[in-house]
Amino acid sequence: MENIKFYNSIIKLSNTYIKLVYNPVIIGRDNIDDNKNYLFAGNHINWKDPALLIYGVDGNLINFMAKKELFDNKLLSPIVTRLGAFPIDRENGDMKAVKTAVNLLRNDHNVGIFPEGKRNNSLGDFKSGVPRIALMGNKEIIPFGISGEYKHNGNLTLVFGKPINFKGIKKNEADEILKEEVKSLILK
């Protein structure tokens with residue numbers, strides 16, 4: 001990351017805002033070893049989800065895979081780039097984004113991916129291959145589930161599951177296992 005000072009300043013402001021306005025409940029934080037790096041994968045209900053996830057990991061740096069359209073916006077692009085996000089073309093098999101994610105993981109960075117590829121009120125279909133990215137990057141996946149609403153007293157909750165190592169699991173089974181794990185973490 002080019003500018004860790006910028007990142008830390010934004011995250012400090014964001015974390016304060018998340019705490020004061022939404023006061024989310026964080027469950028399963030003890031499943032995350034701060035001395036390790038992971039691929040974080042979970043559901044996507046709101047554009048504020050990356051900020052919530054960073055709040056949930058106590059401000060630890062997470063590089064997010066983000067829709068390429070954010071990088072087309074001249075105002076947002078420099079900000080999301082400085083915050084460590086990288087673009088993905090959701091409509092086409094974007095091998096550059098996959099390689100970026102794998103390289104970040106191999107170089108001991110956390111990566112955040114929303115496998116649905118878009119925001120959904122209920123859990124949508126997952127794009128395939130997220131467990132494969134973790135395997136290629138030699139990291140475990142921390143699944144997470146977000147529930148509630150982004151409003152005062154909206155019962156906003158972030159639940160982290162236990163780390164999953166997908167070594168030895170067939171590709172099509174791994175995708176389904178991840179989706180079922182995330183589904184189990186979304187509070188009803």
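Student: What classes of residue make up the lining of the largest cavity?
Tutor: In this predicted model, the lining has four nonpolar, one polar and two charged residues.

Student: Which residues are they?
Tutor: The lining residues are Phe-126, Lys-127, Ser-128, Val-130, Pro-131, Asp-175 and Leu-178.

Student: And which elements give two or more residues to that lining?
Tutor: Those are helices α6 (130-136) and α7 (171-185).

Student: How much space lies in there, and how many cavities of 30 Å³ or more does a search of the whole structure find?
Tutor: About 30 Å³ lies in the largest cavity, and the search finds one cavity of 30 Å³ or more.

Student: Okay, switching to the sheet. What's the strand order?
Tutor: The order is β1-β7-β6-β2-β5-β3-β4, in an open sheet of seven strands with mixed pairing. The edge strands are β1 (25-27) and β4 (86-88), each pairing on one side only. On average, neighbouring strands are turned by 25° against each other, ignoring direction.

Student: Let's take β2. How does it pair with β6?
Tutor: In the parallel sense: β2 (residues 39-42) and β6 (residues 141-147) share four bridges.

Student: How many bridges join β2 to β5?
Tutor: Three, and those two strands also run parallel. Ala-41 has Ile-113 of β5 as its bridge partner.

Student: What about β3 and β5, parallel or antiparallel?
Tutor: Parallel again, over three bridges.

Student: Are the faces of β5 covered or open?
Tutor: Both are covered. Asn-110 and Gly-112 are buried on one side, while Val-111 and Ile-113 are buried on the other.

Student: Which strands does helix α5 lie across?
Tutor: Helix α5 (residues 95-106) lies across β2, β3 (62-67), β4 and β5 (110-113). Relative to β4, the helix runs at about 145°.

Student: One more helix, then. Why is α2 largely enclosed by the rest of the structure?
Tutor: Because six of the eight residues of α2 (residues 49-56) are buried. They are Asp-49, Leu-52, Leu-53, Ile-54, Tyr-55 and Gly-56.

Student: What do those buried residues pack against?
Tutor: Helix α1 (4-22), plus strands β1, β2, β3, β6 and β7 (157-160).

Terms used
Residues numbered from 1 in each chain as written. Predicted model: local features only at pLDDT ≥ 70, side-chain atom pairs only at ≥ 80, totals over all residues. Heavy atoms only, no water. Pairing = 2+ DSSP bridges. Axes fitted to C-alpha atoms, helices over the stretch in contact; angles between N-to-C directions. Contact = heavy atoms within 4.5 Å. 1 Å grid on protein atoms, 1.4 Å probe; cavity = no way out; pocket = protein on both sides within 12 Å on 5 of 7 lines; lining within 4 Å. Points joined across faces, edges and corners; volume = space filled by probe spheres on them. Nonpolar A, V, L, I, M, F, W, Y, C, P; charged D, E, K, R; others polar. Buried < 20%, exposed > 50% of the residue type's maximum accessible area, 1.4 Å probe, protein only.
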